[in-house]
Amino acid sequence: MASKLDSPIQAQLVVAVFNGICNGENHGSKRAKPGRTRHVFVQTETGCVLGLELDRNDNVHTVKKRLQLALNVPTDESSLTFGDLTLNNDLSAIRNDSPLLLTRNAMHRSSSTPCLSPTGNNLQQSDQSGLIEILGCSTHFSGTTELVKDILKAIKNGVDPIPVKSGLGGAYYFRNIKGENVAIVKPTDEEPFAPNNPKGFVGKALGQPGLKRSVRVGETGFREVAAYLLDYGRYANVPPTVLVKVTHSVFNVNDGVNGNKLQNKKKVSKIASLQQFIPHNFDASDHGTSSFPVGAIHRIGILDIRILNTDRHAGNLLVRKLGGVGGFGQVELIPIDHGLCLPECLEDPYFEWIYWPQASIPFSEDELEYIKNLDPIRDSDMLRAELPMIRESCLRVLVLCSIFLQEAAAFGLCLAEIGEMMTREFHGQEEEPSELEVVCLEAKELVMETDISFFEADERDDEFLFDMDCETAEVNVSPKISGDLSVKAPFHYGSESVNDRNFLAQVDENVEESEIQINEGPVRAGLTGRCKEDWYTASRLSISLKKVNLDEKHFHYHGGKPERNYMIGYSSKMTRSANEQLPTSTSFVKFADMNEEKWNLFIVKFKELLYPAFAKRRSRTIGQRERLGTSCQF
């Protein structure tokens, strides 16, 4: 009798490599010739990793058959996925060193899988691809190859990794032969709520919503790598990070039923992020922030905005004292823990630097030049090439946030103001969309209206019903873009702010009306090198929370806005269900529902609506914030 996919015994398997021999201890991608074979890693929902050599004749059916033989698991009701792509049969799009995920169909999931031992002679094969193998062959990872060699040398000489006690997920310090920490490894199946989490936070399968609903369990590892790849020239000082397949007995394996650890330690292969360990003195939570360099805060903030980092707290900013002549009192900041960046939809970010005085100091000329030269389209193409499993909706978030940063910086907003516009506000126990999200919602509405007007122009005799409350509603016609779409009238958010409850209540009460008139005069552009004619504005904001929400209508917390370290008070020995631990999150804006043409039109409309939003923000903050003796005056 075959066991199901989440048998704990399977998770202990050493990677079995079929139909090909890998020579030596491979640290990169020097295996088979690309034209003949490809080496891939298939990971089950419960973290078990199987290495496979694919030839031209392989397809999804043959891969599933080999998985069934090797792991003694049923695969008939499972799907093989690669990021957004569900593979039907053809594997031609899969490149060398790609990690694939074998997921069961929803109706076949089970949380009480019997523990049956797999059988088969293939289990006797050893992992010939190396104890640590970097996934991908990018030149960005060349420096990490020497680091991997140092770790392997240490392991051969009995210097084993040691678990990291802090944090919610499983993490391990890998050391060199001197016993010094040189890297931190985070297995994807030991993330918070993942099947093999060693600290009791279990209850989800890989690929399901995780700590943030817009970041799936098992997908924080490649986000760590993405943050490093996007930090060109280590501008923000992100440590070198790669995605690896790593085999060792130190890793945690649970019994698959109630999250208890298995005591019989065996070697297990896992997909993990590996980040160079940077020696430091403390983190930002243990040090006064007034001594932090303005430039360092700005560079980290610029990266956080681009990637919509939802977890930038003081604990993941490492601080290293600088010695030497002239180094007294100076520090270097090292940003880490980027697994909750690049969500699949707009999320409520957490930028702790918003409250630091350095974030209210205007950008320098060099910083403005760096921001201006950012190319989010090029960045997206680079991530598709380096991390082909990344989801398209994540790349759209990158593009949107980069454009928002560029336009806001050009307008003259400081880092704190930009961060505040991206952050949601709480009134009572309800979460309301950020200023950025409101602009996006209005842009999406304009796109939908374009669809309707085009349809009505071509099909005047047909009755057409369009559900404005359903964000996933699709019109199967291509919108025609013309210059007539730009609305010239001034657009303002209200008397106080974009999140003003009175304003939203007013919109709710007038939901049947087609326009909302706000008696407020136009705001001057105040831009150097730009003409006001380049900015287009809109005259209405017919958005209410009734129309905004996709799944839930409210976001409740007892006692106000929660801390970002959601479960810091939980005991690491406690086993709790994921649904019990996860805070409910509201998704106001999603991008996955738009095809390419609608997305391009959305970006056009988004840019048109930015100027009045920036003008309103500036009018609220000028002369009010004064830190370090400097106010945000432009």
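**Entry: Val-397.** I looked up Val-397 and found a relative accessible area of 0% in this predicted model. The cut-off for buried is under 20%, so Val-397 counts as buried. I placed Val-397 in helix α7.

Which residues does Val-397 touch, not counting residues up to four places away in sequence? I noted Arg-306, Leu-308, Pro-343, Glu-344, Cys-345 and Phe-591. I then checked Phe-591 again: Val-397 and Phe-591 are 194 residues apart in sequence, yet their C-alpha atoms are 8.0 Å apart in space.

**Entry: the whole chain.** I stepped back for the totals. The protein chain has 634 residues, and 57% of them count as buried. Its secondary structure comes to 13 helices and 18 strands. I also looked at contacts with a separation of 6 or more: residues 24 or more positions apart account for 75% of those in the protein chain. The pair Val-397 and Phe-591, 194 residues apart in sequence, was a handy picture to keep in mind here.

**Entry: helix α6.** I went to α6, residues 376-386, and listed its buried residues. They are Pro-376, Asp-379, Ser-380, Met-382 and Leu-383. Seen down the axis of α6, these buried residues fall within an arc of 160 degrees, so they line one face of the helix. I wrote a reminder beside this: an α-helix has 3.6 residues a turn, so residues three or four places apart point the same way.

What do the buried residues of α6 pack against? I found three partners: α3 (220-230), α4 (294-306) and α7 (392-411).

**Entry: α6 with α7.** I followed up one of these partners, α7. The axes of α6 and α7 come within 9 Å and cross at roughly 155 degrees. An angle over 145 degrees counts as roughly antiparallel, and therefore α6 and α7 are roughly antiparallel to each other. The crossing in which α6 passes α7 is right-handed. On the α6 side, I noted Pro-376, Ile-377, Asp-379, Ser-380, Leu-383 and Arg-384 in the contact. On the α7 side, I noted Glu-392, Leu-395, Leu-398, Val-399, Ser-402, Ile-403 and Gln-406. Sorted by class, this contact has 7 nonpolar, 3 polar and 3 charged residues.

**Entry: α5 with α7.** I looked next at helix α5, residues 365-372, which packs with α7 at an angle of about 145 degrees. Their axes are 9 Å apart. Is this crossing left-handed or right-handed? I found that α5 and α7 make a left-handed crossing. Leu-368, Ile-371 and Lys-372 of α5 meet Leu-405, Gln-406 and Ala-409 of α7. By class, I noted 4 nonpolar, 1 polar and 1 charged residues in the contact of α5 with α7.

**Entry: helix α8.** I checked α8, residues 415-422, and found 8 of its 8 residues buried, so α8 is largely enclosed by the rest of the structure. The buried residues of α8 include Leu-415, Ile-418 and Met-421, and also the charged Glu-417 and Glu-420.

**Entry: Val-60.** I finished with Val-60, found in helix α1, residues 60-71. Val-60 is buried, with a relative accessible area of 4%. Leaving aside its neighbours within four places in sequence, Val-60 is in contact with Leu-80, Leu-87, Asn-88, Asn-89 and Leu-91. I also noted Ser-79, which is 19 residues from Val-60 in sequence and 8.9 Å away in space, C-alpha to C-alpha.

Definitions and conventions. Residues numbered from 1 in each chain as written. Predicted model: local features only at pLDDT ≥ 70, side-chain atom pairs only at ≥ 80, totals over all residues. Heavy atoms only, no water. Buried < 20%, exposed > 50% of the residue type's maximum accessible area, 1.4 Å probe, protein only. Helix = DSSP H or I, 4+ residues; strand = E, 2+ residues; numbered from the N terminus. Arc of directions from axis to C-beta. Contact = heavy atoms within 4.5 Å. Axes fitted to C-alpha atoms, helices over the stretch in contact; angles between N-to-C directions. Parallel < 35°, antiparallel > 145°, perpendicular 65-115°, else oblique. Left-handed = near helix turned anticlockwise from the far one by under 90°.
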